[in-house]
Amino acid sequence: MSQAHVSPEQWQRIAADAQHRCGYCQTQEAIAGMPFEIEHIVPRKLGGSSDESNRWLACPRCNRFKGDRTHGLDTVTQATAPLFNPRRQVWQDHFAWADGGVTIVGLTPTGRATVYVLQMNNPYVTRARYVWVAWGWHPPRD
């Protein structure tokens, strides 16, 4: 999504609400080595609005894998489940850290579908998380 459609004030409010972390993988913007994006939770293509209530901060990796999806495969039940909504749901209700903060585990159908669709444990990000954990930068403490 083009960031030009987000006012600086809206950007700051959303980033502050998200604690400058990706709403999906919880990566902190300060350690990611790239700017984060304001994404549409429900994509505009699927009828989502550009209101602040449908926007959240996401790392480019999660945002690209999410694309225009709102649902994904729950790898346990093999059923379709809604993806995590960082605006309306609590991260800890759907996910947990494993391997000392290197791997994200989905606890619910929504959590598992989100981990699967967004490829939240792909080899590139898990290698980075190993370094972040070693330096004490990750996972977030709250």
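**Aromatic rings.** I began with one aromatic cluster, formed by Phe84, Trp91, Phe95 and Trp97. The model is predicted, so I kept to its limits: local features need pLDDT of at least 70, side-chain atom pairs count only at pLDDT 80 or more, and totals for chains, interfaces and linings use all residues. Residues are numbered from 1 along each chain as its sequence is written, and side-chain values use heavy atoms, with hydrogens and water left out.

For pairs, I counted rings of Phe, Tyr and Trp (its six-membered ring) with centres within 6.5 Å; planes under 30 degrees apart are stacked, over 60 edge-to-face, and the rest tilted. The structure holds four such pairs. I looked up phenylalanine 84 with phenylalanine 95: this pair is edge-to-face, at 5.2 Å centre to centre and 80° between the planes. Phenylalanine 84 sits in the loop between β4 (80–82) and α4 (91–94), and phenylalanine 95 in strand β5 (residues 95–98), so the pair ties together parts 11 residues apart in sequence. Helices (H or I, at least four residues) and strands (E, at least two) are DSSP runs, numbered from the N terminus. Both phenylalanine 84 and phenylalanine 95 are buried; that means under 20% relative accessible area, with exposed over 50% and partly exposed in between (1.4 Å probe, protein chains only).

**Cysteines.** How many disulfides does a search of the whole structure find? I got zero, taking a disulfide as a pair of cysteine sulfur atoms within 2.5 Å. The sulfur of cysteine 25 has its closest cysteine sulfur in cysteine 59, 3.8 Å away, which is too far for a bond. Cysteine 59 is in no disulfide either, and its nearest cysteine sulfur, that of cysteine 62, is 3.7 Å away. Cysteine 25 counts as buried because its relative accessibility is 1%; cysteine 59 counts as buried at 2%.

**Strand β1.** Next I checked side-chain directions in β1 (residues 37–40): Glu37 and Glu39 point one way, Ile38 and His40 the other, and all are buried. In a regular strand the side chains alternate between the two faces of the sheet. I found β1 paired with strand β2 (residues 55–58) in the antiparallel sense over four bridges; pairing needs at least two DSSP bridges. Leucine 57 in β2 is the bridge partner of isoleucine 38.

**Valine 131.** My last stop was helix α6 (residues 123–134), where valine 131 lies. Valine 131 counts as partly exposed because its relative accessibility is 43%.
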